[in-house]
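Hello,

Here is the structure I promised to pass on.

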Amino acid sequence: MIEDGDLRTKKVRRLLDEITNEKDLDKIDEIINENINIDNEMISQLRYLPNGGFKGLLYYKIIVARNNKVNISVDVSNNVSSELKKLSLEELKIVSNLIGIYCDNAIEAAKETKRKLILIEIYYQNKDINIVISNTFNNKANITNRYQKGFSTKGEGRGIGLYFAKKMLSKNKWIEDQQEIIDNLYIQKIIIRK
């Protein structure tokens with residue numbers, strides 16, 4: 001995979017050399033190196049996840065967070081891959097939907113704060129898969145009604161995600177969620193009990 005990336009980088013570099021002048025070359029090198037470092041860091045963070053949609057979803061959410069200037073860190077335990085592989089396609093779809101909703105909410109909340117921070121932890125413990133998403137948030141916002149359909153701190157036409165998540169959770173007893181606030185971090189935990 002790295003060889004493919006290196007080959008791609010060389011081709012892009014050659015093409016850019018042909019269409020730019022000498023002054024732009026240093027800036028181009030800087031951009032190319034920055035993108036390679038981001039890709040390598042993301043690959044490293046997600047290496048213990050099985051290949052497929054779940055890994056791709058997290059990869060995408062990392063990119064979205066970074067595009068919103070949110071610092072995001074992902075820590076995946078090395079023993080979680082084999083447990084995630086035991087989930088059916090339908091179960092993975094439900095987990096992915098929940099992760100998508102919770103990551104979108106975390107990004108929206110974190111980008112409005114000074115620290116702009118999201119931490120995602122995925123680990124296997126006591127026969128459960130735990131997915132923990134922690135983010136900075138504006139603790140002055142009233143979030144007590146967050147699961148009501150149409151409720152949003154962002155205005156009208158929003159507020160469907162958490163309502164949808166609660167409905168999914170109520171229909172699937174093998175997965176549950178917990179929330180808490182600790183030290184100005186909103187912590188969303190998904191527990192997969194198999």
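How many bridges join S1 to strand S2? There are 6 bridges, and S1 and S2 (residues 117–125) run parallel. Strands count as paired if DSSP finds at least two bridges between them.

Before you read on, please note that this is a predicted model: local features need pLDDT of at least 70, side-chain atom pairs count only at pLDDT 80 or more, and totals for chains, interfaces and linings use all residues. Residues are numbered from 1 along each chain as its sequence is written, and side-chain values use heavy atoms, with hydrogens and water left out.

The protein chain has 6 helices and 5 strands, taken as DSSP runs (helices: H or I, at least four residues; strands: E, at least two) and numbered from the N terminus. From that end, the elements follow the order α-α-α-β-α-α-β-β-α-β-β.

The 5 strands make an open, mixed sheet ordered S1-S2-S3-S5-S4. Its edges are S1 (71–76) and S4 (175–182), each pairing on one side only. Helix H3 (residues 53–67) packs on the sheet and touches S1, S2 and S3 (128–136); contact means heavy atoms within 4.5 Å. The direction of H3 makes about 155° with that of S1, using lines fitted to C-alpha atoms (for helices over the stretch in contact) and angles from 0 to 180 degrees between N-to-C directions.

Finally, 37% of the 194 residues are buried, meaning under 20% relative accessible area (1.4 Å probe, protein chains only).

Best wishes

Note on methods. Buried < 20%, exposed > 50% of the residue type's maximum accessible area, 1.4 Å probe, protein only.
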